[in-house]
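Here is a short note for a colleague who is new to this structure. Please read the points with the model open beside them.

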Amino acid sequence: MDNVYPSSHPLVSTKLTLLRDVSTEPKKFRELVREIAAMLAYEATLDLATRPIEVQTPLAIAKGHSLMERVGLVPILRAGLGMVEGVWELMPSAEVWHIGLYRDERTLKPVAYYNRLPVEPTVSVCLILDPMLATGGSAVATVDILKHWGVRKIKFVGLLAAPEGIQALHSAHPDVPIHIAGIDDHLNEHGYILPGLGDAGDRQFGT
Ligand code: PRP
Ligand code: URA
């Protein structure tokens, strides 16, 4: 499918394997989420625009680049929080805008509970951070919010997706690239990704 980028990096797949393991404790789980998020963000930012600049080395003037685009990281609460630190290591000047959504357990539809975006967009590109793309409802709702805010360049960065979620996000927003560490088989009757990794929020926060 167009605009879907499963990572083929061996470090991503080996860390994802550890992340899935039921015996991985929250501390290690959080570390892996952080590390994989950084590697995916590296892949997702390959096309960021730069402008040429010059810098003084100890010996001479060197030609270099600085980022032209203002990047916003948009973690979907709660589980997306754990991805922020890893990505921030790469882009310390990125703004972070939190979006609070939870899935209604019965309908599996996203319920919005936190959004403090200012009226005018302050960034030109947004990376949505959420470990899980299950039905796709939360990701679609977040892209809706960001487009309404006025951001045109939006990317989704996640750890695991179900084919159903990829289909839903791609159908609603075909312009949004999906960067993902792994694509699994299907959703179970409770909307969980199989084989998956369980509940990404609970496993990070020990709840
Ligand atoms: C999880 C996950 C996504 C959402 C994915 O959040 O972090 O946000 O489910 O499911 P979807 O693709 O079917 O919308 P959850 O609602 O469990 O909230 P939490 O992060 O607070 O645990
Ligand atoms: N949210 C999770 O945390 N895990 C899933 O498998 C699906 C949604």
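1. Ground rules. This is a predicted model, in which local features need pLDDT of at least 70, side-chain atom pairs count only at pLDDT 80 or more, and totals for chains, interfaces and linings use all residues. Residues are numbered from 1 along each chain as its sequence is written, chains are lettered from A and ligands numbered from 1 in the order in which they are written, and side-chain values use heavy atoms, with hydrogens and water left out.

2. Helix H1 against helix H2. Helices (H or I, at least four residues) and strands (E, at least two) are DSSP runs, numbered from the N terminus. H1 covers residues 10-20, and its axis lies 10 Å from that of H2, at an angle of about 155°. That makes H1 roughly antiparallel to H2. Axes here are lines fitted to C-alpha atoms, for helices over the stretch in contact, and angles run from 0 to 180 degrees between N-to-C directions. Angles under 35 degrees count as roughly parallel, over 145 as roughly antiparallel, 65 to 115 as roughly perpendicular and the rest as oblique. The crossing of H1 over H2 is left-handed (the near helix is turned anticlockwise from the far one by less than a right angle; clockwise would be right-handed).

3. The contact of H1 with H2 holds 11 nonpolar, no polar and 2 charged residues. Contact means heavy atoms within 4.5 Å. Ala, Val, Leu, Ile, Met, Phe, Trp, Tyr, Cys and Pro count as nonpolar, Asp, Glu, Lys and Arg as charged, and the others, Gly among them, as polar.

4. Helix H2 against helix H3. Their axes are 7 Å apart, at an angle of about 50°. H2 and H3 are therefore oblique to each other. H2 passes H3 in a right-handed crossing. From H2, Val33, Arg34, Ala37, Ala38, Ala41 and Tyr42 take part; from H3, Gly82, Met83, Glu85, Gly86, Val87 and Leu90. By class, this contact of H2 with H3 has 8 nonpolar, 2 polar and 2 charged residues.

5. The buried side of H3. Which residues of H3 are buried? In this helix, residues 81-90, they are Gly82, Met83, Val84, Gly86 and Val87. Buried means under 20% relative accessible area, exposed over 50%, partly exposed in between (1.4 Å probe, protein chains only). These buried residues pack against helices H2 (26-44) and H6 (200-205), and against strands E4 (71-77), E5 (95-96), E8 (125-129) and E10 (153-161).

6. A strand hairpin. Strands E2 (residues 50-56) and E3 (residues 61-67) run antiparallel, joined by 7 bridges. Strands pair if DSSP finds at least two bridges between them. E2 and E3 form a hairpin with 4 residues between them. Arg51 stands opposite Ser66 in E3.

7. His179 and Glu43. His179 is in strand E11 (residues 178-183). At 7% relative accessibility, His179 counts as buried. Beyond four places in sequence, His179 touches Tyr5, Glu43, Ala44, Phe156, Val157 and Gly158. Glu43 belongs to helix H2 and, at 26% relative accessibility, counts as partly exposed. With the same exclusion of residues up to four places away in sequence, Glu43 touches Ser7, His9 and His179. The C-alpha atoms of Glu43 and His9 are separated by 9.7 Å, with the two residues 34 apart along the chain.

8. Val125. Val125 sits in strand E8. At 1% relative accessibility, Val125 counts as buried. Leaving aside neighbours within four places in sequence, Val125 is in contact with Leu48, Glu69, Arg70, Val71, Gly72, Val151 and Lys153. Val125 and Pro110 are 15 residues apart in sequence and 23 Å apart in space, C-alpha to C-alpha.

9. Ser138. Ser138 lies in helix H4 (residues 137-149). At 16% relative accessibility, Ser138 counts as buried. Not counting residues up to four places away in sequence, Ser138 touches Ile76, Leu101, Arg103 and Pro110.
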